[in-house]
Amino acid sequence: MTLYENLANHLKEHIQQGFFPVGSKLPSVRQLSHEHSVSLSTVQEAYRQLELEGMVEAKPKSGYFVRKIEIRTPLPKTTRPPQRPMEVSQWEEVLNLLLCKSEEGFLQLQHAMPDMESSSLKPLLKKLGDLSRHRPDLGLPYGDIRGSEELREQLVRLVVASGCLLHPDDLVVTSGCQEALSVCLRAVTQPGDIVAIESPSFYGSMQAIKAANLKTMEIPTHSEDGLSLEALELALDQWPIKAILITPTCNNPMGYSLSEAKKERLYKLAQSYDIAIIEDDVYGDISYDFPRPKSIKSFDEDGRVLLCSSFSKSIAPGLRVGWIAAGRYRDKVTHIKYVSSSMCPTLPQIALADFIKTGGYERHVRRMRLQYQQSRDHFLEAIQTYLPKGTRASYPKGGFVLWVELEGNIDVTKLAQIGRKYKINIAPGMLFSSTGKYRNCMRLNFSEQNLSERENGIRKLAYIINEYS
């Protein structure tokens, strides 16, 4: 262990043993530096790790305190989706959401959009600016169809944190994770095939399934334990499912992360039925856990897991840089990527490679993890305080979206329409099902707004629910 990890573990033990009670002030950085004969930066790094683990919190100009664990809002119930394969609908509703403009004065809770105003992005923006001014010629020729070699070399470094040992040639760069998912679906299925998905599931994944003329088999899912492997096995016995598409780490829309043991069991299940797993890991790097959770791909022994990710959620969606580690399907994925969009723009790839290589990416995601975790806690506190009794909400393990389930027959689709009159946008739950289920649910984003805006947004939602339901 490093010095800061040893110090962090020492403080953690004292907190768990009650030496430092909940709410009490912890020793100052200078005091710990003197007592343990370590540098100030080592103490600061130890406290930062404990912040990421949710054990301490920093108060401006006051120091570090043992964090109080709030009582959670009840979790949503395990879902009960249709028990047969279904065709995906909802495109018109998804399109309306995507076309919803960020008008001035509106509170945007509907999009899964990261915070793009952090000062930790300045090195990346500077690199992009320098390339545009001084080396724009680099972005004009055709590039490597697999993506920039510099970027792929850095991506290989990044995925080590998720337990994967890959070679740069194993990767194919794509235009974001959405293209990665679409390409992978086409690589492992034929039109008319069935794909198993979580329920609820990200509407972008389902629209990729629709575009490939596939059907979904929605699997019951719990907001804390994730996809039911027992239900999945029953479905595999009953239906000719050709692939599993899953977001197992910091799931969208619920925010859960499957346990390491469950990820391995899921892989073994796919292996026994000889089907592919398309793993969407787009939120994995902004997990609140440190180190970040392992991926299903880390258990892959025979190349059946196609790992997809991008920088759309950890940095910004406008970069349009994603990637696939496709295992045994690499050549087919490369061909489909070529015929669909050929190569990806070069300059963003070069800038991102530099951002990762110089440590900027790690500093940025470390800062975002802490920020999003604190935003989650405040958001849940506001939900518990203002939304009607009986409201349930998920408890995300990473990312910046959560799932809210309202009691009774409240139609969130109608609430969303009314909400626009009050300058608030939300994502109705029916978008996250093939058949428009979850009409009493919604997905909310807590990344972009400041503390008072989030609280006012929940207050406004509470008013709309009370007035119109």
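A quick definition before anything else: a charge sits over a ring if NZ of Lys or CZ of Arg is within 6 Å of the ring centre and within 35 degrees of the ring normal. Keep in mind that this is a predicted model.

| Charged end | Ring | Distance to ring centre |
|---|---|---|
| Lys59 | Phe65 | 4.5 Å |
| Lys437 | Tyr438 | 5.7 Å |

Tyr438 also turns up in an aromatic cluster, together with Phe202, Tyr203, Trp403 and Phe432. Searching the whole structure gives eleven aromatic pairs. One of them is Trp403 with Phe432, an edge-to-face pair with 5.5 Å from centre to centre and 85° between the planes. Trp403 belongs to strand β14 (residues 401-405), while Phe432 is in the loop between β16 (427-428) and β17 (441-445), so this pair ties together parts that are 29 residues apart in sequence. And both Trp403 and Phe432 are buried.

Now for the charge. Glu279 is in strand β10 (residues 276-280). What is the nearest side chain of opposite charge to Glu279? That's Lys263, 5.4 Å away. A salt bridge needs the side-chain nitrogen within 4 Å of a carboxyl oxygen, and Glu279, though buried, has no salt bridge. What the side chain of Glu279 does reach is the backbone nitrogen of Ile296, at 2.8 Å. Leaving aside neighbours within four places in sequence, Glu279 is in contact with Ile296 and others, including Ile246, Pro248, Val305 and Leu307. Lys297 and Cys308 are also among those contacts.

Technical notes: Residues are numbered from 1 along each chain as its sequence is written. This is a predicted model: local features need pLDDT of at least 70, side-chain atom pairs count only at pLDDT 80 or more; totals for chains, interfaces and linings use all residues. Side-chain values use heavy atoms; hydrogens and water are left out. Rings of Phe, Tyr and Trp (its six-membered ring) pair if their centres lie within 6.5 Å; planes under 30 degrees apart count as stacked, over 60 as edge-to-face and the rest as tilted. Helices (H or I, at least four residues) and strands (E, at least two) are DSSP runs, numbered from the N terminus. Buried means under 20% relative accessible area, exposed over 50%, partly exposed in between (1.4 Å probe, protein chains only). Lys and Arg count as positive and Asp and Glu as negative; His and the chain ends are not counted. A polar contact is a pair of N or O atoms within 3.5 Å; within protein, one must be able to donate a hydrogen and the other to accept it, and residues adjacent in sequence count only if both atoms are side-chain atoms. Contact means heavy atoms within 4.5 Å.
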